Amino acid sequence: MRTASITRKTHETDIAVEVNLDGTGAYQVSTGIGFLDHMIEQFSRHSLIDITCKIVGDLHVDQHHTTEDSAIAIGQCIVQALGDKAGIGRYGEAHSAMDEALSRVVVDISGRPWLVWNAKFTQERLGEMDTELFQHWFHSIAQAAGLTLHIEQIYGENNHHIIEGIFKGFARAMRQAVELDARKGGAIPSTKGVLGG
């Protein structure tokens with residue numbers, strides 16, 4: 001089983017994360033930010049990556065550290081669980097519709113972290129979560145997991161639908177990218193023979 005776990009305690013957050021890349025989409029998520037919980041749960045369910053993510057963060061300051069550290073820890077776990085990345089699909093792409101909103105997410109587990117973000121929100125908050133932190137969450141997971149990640153809001157009006165569609169699209173793209181392809185015979189999917197540093 002391709003699994004990993006991380007525990008990390010700083011002055012800003014106390015975090016424990018576990019992932020199973022070959023799971024069923026089971027999750028236990030508690031970040032102290034209800035909307036962030038909901039989005040990480042969507043990511044787990046639709047990627048079929050089992051995720052346990054428990055954080056006690058300095059929410060009396062703001063939500064920045066908790067949001068950032070959740071993405072970093074999940075990304076680090078994904079990298080650990082992937083190992084040398086032998087036999088994975090590497091690439092994933094998904095169009096994700098949620099009512100009137102349509103998004104596109106493309107991922108390459110390249111080891112070269114990069115985020116292209118083309119999404120905008122007309123509200124400052126969803127639930128109690130600052131909408132500016134969504135881009136930061138994806139930037140942090142791209143950096144931690146070594147993802148080249150392109151996210152585009154094609155259209156949409158409802159802010160909840162836009163971001164939930166993006167998380168679901170990311171989940172489905174990651175499912176394709178992390179799954180093992182028997183035709184590859186365990187080869188690392190790069191002509192260089194290595195992915196990442």
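Where is the place of lysine 85? I found lysine 85 in the loop between α2 and β5 (91-98). For element names I keep to DSSP runs numbered from the N terminus: helices are H or I of at least four residues, strands are E of at least two.

**Ground rules.** I am working on a predicted model, where local features need pLDDT of at least 70, side-chain atom pairs count only at pLDDT 80 or more, and totals for chains, interfaces and linings use all residues. Residues are numbered from 1 along each chain as its sequence is written, and side-chain values use heavy atoms, with hydrogens and water left out.

I checked phi for lysine 85: about 70°, positive, although the residue is not a glycine. Buried means under 20% relative accessible area, exposed over 50%, partly exposed in between (1.4 Å probe, protein chains only). Arginine 90 lies in the loop between α2 and β5 too. Its phi is near 75°, a positive value in a residue other than glycine. Arginine 90 counts as buried at 8% relative accessibility.

**Overall fold.** I counted four helices and 10 strands. From the N terminus the order reads β-β-β-α-β-α-β-β-β-β-β-α-β-α. The radius of gyration is 16 Å, close to the 16 Å that the globule rule gives for 197 residues, so the protein is as compact as a globular protein of that length. That radius is taken over C-alpha atoms, and the rule is 2.2 Å times the number of residues to the power 0.38. Along its principal axes the C-alpha trace spans about 45 × 40 × 30 Å. Buried residues make up 51% of the 197.

I then looked at contacts, meaning heavy atoms within 4.5 Å. Of those with a separation of 6 or more, 76% join residues 24 or more positions apart.

I followed strand β1 (residues 3-9) into strand β2 (residues 13-20): the two run antiparallel and are joined by seven bridges. Strands pair if DSSP finds at least two bridges between them. Three residues lie between β1 and β2 in this hairpin. Threonine 7 stands opposite alanine 16 in β2.

**Histidine 65.** I placed histidine 65 in helix α2 (residues 64-82). Is histidine 65 buried or exposed? It counts as buried, at 18% relative accessibility. Leaving aside neighbours within four places in sequence, histidine 65 is in contact with Glu12, Thr13 and Asp58.

**Phenylalanine 134.** This residue sits in helix α3 (residues 132-145). Its relative accessible area is 1%, so I log phenylalanine 134 as buried. Which residues does phenylalanine 134 touch, not counting residues up to four places away in sequence? I listed Phe35, Trp117, Phe121, Leu126, Met129, Ile163 and Phe167. Phenylalanine 121 is 13 residues away in sequence, and the C-alpha atoms are 10.0 Å apart.

**Isoleucine 166.** Helix α4 (residues 159-178) holds isoleucine 166. I noted a relative accessible area of 0%, so isoleucine 166 is buried. Not counting residues up to four places away in sequence, isoleucine 166 touches Ser103, Val105, Trp117, Ala119, Phe138 and Ile151. I also checked tryptophan 114, 52 residues apart from isoleucine 166 along the chain: their C-alpha atoms are separated by 17 Å.
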